Amino acid sequence: IEFIYSLYYNKVEYARFSSSLGKFVGFTQYGLKNAEHWNSDAAILAGLKAQKETYCLNNVGLDHQAI
């Protein structure tokens, strides 16, 4: 299970957090600057990593039952 948090501006993805990588990745010049800033903040990374456990892992059983 992977938690992905994507950020868009004018329909262009400029940054993405991937729980498998455990960090932000930038796709534009603006996204690279922001990703570098966000990756240096341990609180932001810890909060997004915790979202995988609180949202994804709790709901995976519900999704499989619905199928």
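**Aromatic cluster, strands and helices**

Mentor: Ring pairs link F17, F24 and W38 into a cluster. This is a predicted model, in which local features need pLDDT of at least 70 and side-chain atom pairs count only at pLDDT 80 or more, while totals for chains, interfaces and linings use all residues. Residues are numbered from 1 along each chain as its sequence is written, and side-chain values use heavy atoms, with hydrogens and water left out.

Trainee: How many aromatic pairs does a search of the whole structure find?

Mentor: Rings of Phe, Tyr and Trp (its six-membered ring) pair if their centres lie within 6.5 Å; planes under 30 degrees apart count as stacked, over 60 as edge-to-face and the rest as tilted. Under that criterion, the number of aromatic pairs found in the whole structure is 3.

Trainee: Are the planes of F24 and W38 stacked, edge-to-face or tilted?

Mentor: A pair of aromatic rings is described by the distance of the centres and the angle of the planes. For F24 and W38 the centres are 4.8 Å apart and the planes stand at 50°, so the pair is tilted.

Trainee: Which parts does the pair of F24 and W38 tie together, and how many residues apart are they in sequence?

Mentor: Helices (H or I, at least four residues) and strands (E, at least two) are DSSP runs, numbered from the N terminus. F24 belongs to strand 3 and W38 to helix 1 (residues 29-39), so the pair ties together parts whose separation in sequence is 14 residues.

Trainee: Are F24 and W38 buried or exposed?

Mentor: Buried means under 20% relative accessible area, exposed over 50%, and partly exposed in between (1.4 Å probe, protein chains only). On this scale F24 and W38 are both buried.

Trainee: Where do the buried residues of helix 1 fall, seen down its axis?

Mentor: The buried residues of helix 1 are G31, N34, A35 and W38. Seen down the axis, they fall within an arc of 105° (taken from the directions from the helix axis to the C-beta atoms), so they line one face of the helix.

Trainee: Which exposed residues does the face of helix 1 turned away from its buried side carry?

Mentor: The buried side includes W38. The face turned away from that side carries the exposed residues Q29, K33, E36 and H37.

Trainee: Which residue in the turn between strand 2 and strand 3 has a positive phi?

Mentor: These two strands form a hairpin with 4 residues between them. The residue in the turn with a positive phi, of about 80°, is G22.

Trainee: What is the phi of K11?

Mentor: The hairpin of strand 1 and strand 2 has 2 residues between the strands. N10, in that loop, has a positive phi of about 50° although it is not a glycine, and it is exposed at 63% relative accessibility. K11 also lies in the loop between strand 1 and strand 2, and is exposed at 83%. K11 is likewise not a glycine, and its positive phi is near 65°.

Trainee: What is the N to O distance in the salt bridge of R16 and E13?

Mentor: Side chains of opposite charge can pair when their charged atoms come close. R16 is partly exposed at 29% relative accessible area, whereas E13 is buried at 17%. Their side chains meet with an N to O distance of 2.8 Å.

Trainee: What is the length of the polar contact between the side chains of S18 and E2?

Mentor: S18, in strand 2, is buried with a relative accessible area of 7%. A polar contact is a pair of N or O atoms within 3.5 Å; within protein, one must be able to donate a hydrogen and the other to accept it, and residues adjacent in sequence count only if both atoms are side-chain atoms. The contact joining S18 and E2 is 2.3 Å.

Notes: Two strands pair if DSSP finds at least two bridges between them. A salt bridge is a side-chain nitrogen of Lys or Arg within 4 Å of a carboxyl oxygen of Asp or Glu.
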